[in-house]
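Work through the exercises below with the sequence and the model side by side. Each task is followed by a solution in steps.

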Amino acid sequence: RSGRVTGVQTCALPILEVIMNSGLIDSCVMLNMRGRILGQSEDEFSLTKQEPAYLIEALSSPLEPRYKTLSISEQVYDVIINDGKHGLMLKNGVRYATVCRTSKALIVGLHKVNTSTDDASAAIMNIGDYLITKGM
């Protein structure tokens, strides 16, 4: 074995395991860019059929943010941070969520309540950065 990551689908479950083992994320789902679920946390957290397309679109234009709110699992979240390329941070009451987009995957995680938003977001975005460096 070369230790090389070969495909985003192959590594989806280990990636989700790393994210969930951070202790900062309650629920997480990883999808391909067509919205197909590659892996999800055991709590059956998921997105509706339309939600991935809106999340991807929200990350497509850094100079012209298109959304002030987005829906995750049929809950409306305010967009707090949109870097316009790879990351979103969203808020619904006391619940925060982070969305990371790579060239081949979308990772959505709900932060545990009362955790540092920076640390919880980093748990997802650092994985996204790793996938991006591997061409995924």
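**Exercise 1. A core residue**

Which residues does isoleucine 15 touch, not counting residues up to four places away in sequence?

Solution. Start with the ground rules. This is a predicted model, in which local features need pLDDT of at least 70 and side-chain atom pairs count only at pLDDT 80 or more, while totals for chains, interfaces and linings use all residues. Residues are numbered from 1 along each chain as its sequence is written, and side-chain values use heavy atoms, with hydrogens and water left out.

Step 1. Take contact as heavy atoms within 4.5 Å. With residues up to four places away in sequence set aside, isoleucine 15 touches Met30, Ile127 and Leu131.

Step 2. A nonpolar core is a set of buried Ala, Val, Leu, Ile, Met, Phe, Trp, Tyr and Cys residues joined through side-chain atoms within 4.5 Å. Buried means under 20% relative accessible area, exposed over 50%, and partly exposed in between (1.4 Å probe, protein chains only). The largest nonpolar core has 19 residues, and Ile15, Ile19, Ile25, Met30, Ile107 and Leu131 touch the most other members.

Step 3. Find the contributors. Two or more residues come from each of α1, β1, β7 and α3, where helices (H or I, at least four residues) and strands (E, at least two) are DSSP runs numbered from the N terminus. The most, six residues, come from α3. Another core lies apart from this one; it has 18 residues, among them Ile72, Leu90, Leu106 and Val108.

**Exercise 2. Helix α3**

Step 1. Buried residues of α3 include Ala120, Ala123, Ile127 and Leu131. Their cover includes α1 (12-21), β1, β5, β6 and β7.

**Exercise 3. Helix α2**

Why do the buried residues of α2 line one face of the helix?

Solution. Step 1. List them: Glu51, Pro52, Leu55, Ile56 and Ala58 are buried in α2 (residues 51-58).

Step 1. Seen down the axis, these residues fall within an arc of 160°, so they line one face; the arc is that of the directions from the helix axis to the C-beta atoms.

Step 2. Recall that an α-helix has 3.6 residues a turn, so residues three or four places apart point the same way.

Step 3. Among the partners of this face are β3 (69-72) and β4 (75-82). Leucine 70, found in strand β3, is in contact with Tyr54, Leu55 and Ala58, among others. Leucine 70 counts as buried because its relative accessibility is 5%.

**Exercise 4. The salt bridge**

How many salt bridges are there by the rule of a side-chain nitrogen of Lys or Arg within 4 Å of a carboxyl oxygen of Asp or Glu?

Solution. Step 1. The count is one. Aspartate 26 and arginine 95 form it, at 2.9 Å, N to O.

Step 1. The pair links distant parts of the chain, with aspartate 26 in strand β1 and arginine 95 in strand β6, 69 residues apart.

Step 2. Aspartate 26 is partly exposed at 30% relative accessible area, and arginine 95 is partly exposed at 23%.
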